[in-house]
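Me: Please take a close look at one helix and its surroundings. I would like a single connected account, with cut-offs stated.

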Amino acid sequence: MASGGWSLANLSASAAAAGGAGRVVRTAATVAVIAADYALSTSLSPTYGRLSPADADAALSVVHTRNAGRMRRLCEANGGLYIKLGQHAAQLHFLVPPEYCEGLTPLLSACPVRPYAEVAATVAEELGAPPDEVFASFDRTPIASASLAQVHRAVLADGSTPVAVKVQHRGLRDAAAGDIATVKALVAAVHALFPAFNYSWLAEETERNLPRELDFLNEAANNEACVTAMASRPELAARVVTPDVVWPLTSPRVLTMSWEPGVPLADPAGVVAAGLDPAAVGALVADAFAHMVFRSGWVHSDPHPSNVLVRPAPAGTAPAAGGRGPGTPQLVLLDHGLYQQLSPDFRLEYARLWRAILLADVAGLRRGAEVMGVGEHYKLFASMLTMRSWASLSGEAPPAPTAADATDISGVATATGVTKGASGSRLRAATAMPSARQNNVAALSTPPTASSLAELSASARTSAVAAAAAQLLGRVPRPLLLVLKVNDNLRAVAASLSAPPSATVAASAMAVAELLDAADSRRGVSGWVARKWAKWQLVWRVWAYAWSVWAARVWAAVMVWLGGGANEGRRTTAATLALQA
């Protein structure tokens with residue numbers, strides 16, 4: 001069998017390369033138990049086939065929850081790469097059932113702490129002496145721990161300069177090759193047993209990115225490249241900073257950086273206690289990452305809430321998105337191990353795709369999906385990019401379920417436009433043309449409704465959607481995989497801050513409009529008019545939405561001031577509070 005295939009030889013090679021057969025055996029045993037549980041609970045169950053669709057879905061949810069717990073415990077026991085993969089899986093909302101996303105979410109914040117003896121040994125090997133000789137002081141208890149490393153506070157030998165020292169978990173580099181081989185073998189096994197589910201892209205991306213993340217010299221270089229990428233907008237560069245690298249004390253497994261105070265975005269109460277407005281912080285995060293994706297192309301690919309600190313900006317800092325004056329936020333970006341350089345051509349096509357989504361241009365969206373290699377899955381693609389149902393994005397009426405859909409024991413996948421019929425997964429035409437007045441700048445700026453989230457949750461449970469999503473992710477350009485991960489992380493940041501999505505939408509829309517305007521080659525008076533009209537189509541929607549929110553606030557205040565309209569004012573305020581720009 002070809003390298004990376006499912007065979008005992010590959011599993012044995014994995015164990016040898018990893019230097020520990022325990023992880024391989026534990027992984028294989030867990031996967032076997034999970035497979036047996038699904039078989040015994042569904043296809044081999046004497047009662048499952050007689051359940052109503054609703055009862056079958058409820059029973060399957062229990063099985064999903066049970067096995068999500070097994071997967072989480074496996075990741076925790078194996079550590080390292082497995083925790084990182086579990087964290088990634090927790091955000092794959094269209095690829096795994098919601099129970100898995102929920103069950104694996106604790107991995108995003110709960111990582112093992114290695115004993116100080118291991119840390120000291122690694123520092124000695126990398127820097128030539130133990131921590132107590134290299135630094136004036138070195139805290140033995142880490143201030144943070146992640147899947148690949150932990151961070152300790154220290155003071156340089158000058159006795160006055162505080163630093164943060166990131167030390168890689170011992171043994172990870174030796175185990176990486178074996179763990180990657182094991183993951184590739186298991187992915188091949190899943191594909192052999194269930195041909196519709198091909199996750200080879202996940203194994204390939206892990207094999208490509210993990211060595212980069214395990215090289216802290218690469219991370220230090222990424223850190224400095226981020227500073228350079230921000231420099232094209234001085235007002236933003238003053239508001240989005242990174243730690244300074246202490247190069248003489250940095251090596252492949254030890255990274256020494258300036259100590260940067262701040263509150264993690266994962267601590268919303270701390271953000272408020274620091275005198276900062278969460279909405280202003282969310283706007284600054286949105287502006288920073290819109291700049292990375294659509295302007296510089298140098299994209300921090302792991303901006304989860306614990307990897308971004310915020311603090312009041314120093315006096316005299318130039319204002320940017322997020323407000324001005326007292327309480328103006330400044331971001332500190334951490335963990336620069338994983339970056340993606342987006343080419344100008346990719347950024348242009350991605351901007352065109354987002355313009356089509358924001359303008360509800362179905363034809364343009366389909367063309368953009370075709371460029372990305374997934375034209376037949378354009379509806380699902382749009383839902384995965386936005387985490388919204390196709391009906392809410394297009395203005396189309398959701399199609400009525402068919403008899404074939406009803407036979408799918410996992411549920412009906414109408415929210416994304418993917419259904420399962422006799423010929424397998426297919427896209428079904430909607431029953432109505434999109435509304436000419438559909439404004440997705442406003443629609444995406446509003447938090448999704450409970451019913452919309454319920455539709456997406458139901459869709460994620462269906463085998464048709466999961467298979468189509470796996471196929472889609474295997475065909476898109478590789479840079480898009482990390483961009484999708486960034487989108488998921490930014491949604492997590494907004495959720496942590498309880499911030500509405502309007503800031504992200506506005507920042508992205510303005511960056512898209514500027515990029516496409518600059519790339520438009522039409523010349524002459526007619527060309528200038530056409531370019532500015534194309535740009536204005538996005539800009540006025542952003543302004544109109546911001547004005548509508550402002551007008552709603554003013555109306556609520558007027559109703560309260562007039563007296564007797566307090567209830568109306570409260571209703572208006574409640575209806576618009578989540579729409580804050």
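Reply: **Helix α13 and its surroundings**

The axes of α13 and α22 come within 9 Å and cross at roughly 170 degrees. Axes here are lines fitted to C-alpha atoms, for helices over the stretch in contact, and angles run from 0 to 180 degrees between N-to-C directions. The model is predicted: local features need pLDDT of at least 70, side-chain atom pairs count only at pLDDT 80 or more, and totals for chains, interfaces and linings use all residues. Residues are numbered from 1 along each chain as its sequence is written, and side-chain values use heavy atoms, leaving out hydrogens and water.

The crossing angle makes α13 roughly antiparallel to α22. Angles over 145 degrees count as roughly antiparallel, under 35 as roughly parallel, 65 to 115 as roughly perpendicular, and the rest as oblique. Helices (H or I, at least four residues) and strands (E, at least two) are DSSP runs, numbered from the N terminus.

On the α13 side, P278, V281, G282, V285 and F289 take part; on the α22 side, V486, L490, V493 and L497 meet them. Contact means heavy atoms within 4.5 Å. By class, this contact has eight nonpolar residues, one polar and no charged ones. Ala, Val, Leu, Ile, Met, Phe, Trp, Tyr, Cys and Pro count as nonpolar; Asp, Glu, Lys and Arg as charged; the others, Gly among them, as polar.

Next comes α23 (residues 502-519). Its axis and that of α13 come within 8 Å, crossing at roughly 30 degrees. The two helices are therefore roughly parallel to each other. Their crossing is right-handed, meaning that the near helix is turned clockwise from the far one by less than a right angle. From α13, G282, A283, A286, D287, A290, F294 and R295 make the contact; α23 supplies A503, T504, A507, S508, A511, V512, E514 and L515. This contact has nine nonpolar, three polar and three charged residues.

Helix α13 (residues 278-296) lies across β5, β9 and β10, at about 50 degrees to β10. Four strands form this open, mixed sheet, in the order β5-β10-β9-β7. Its edge strands are β5 (240-241) and β7 (263-264), each pairing on one side only. Two strands pair if DSSP finds at least two bridges between them. Strands β9 (308-312) and β10 (329-333) pair in the antiparallel sense over five bridges. L309 stands opposite V332 in β10.

Finally, α22 has another neighbour. Helix α16 (residues 378-386) packs on α22 (residues 478-497) at an angle of about 45 degrees, with the axes 9 Å apart. These two are therefore oblique to each other. F381, M384, L385 and T386 in α16 meet L480, L484, N487 and R491 in α22. By class, five nonpolar, two polar and one charged residues make this contact.
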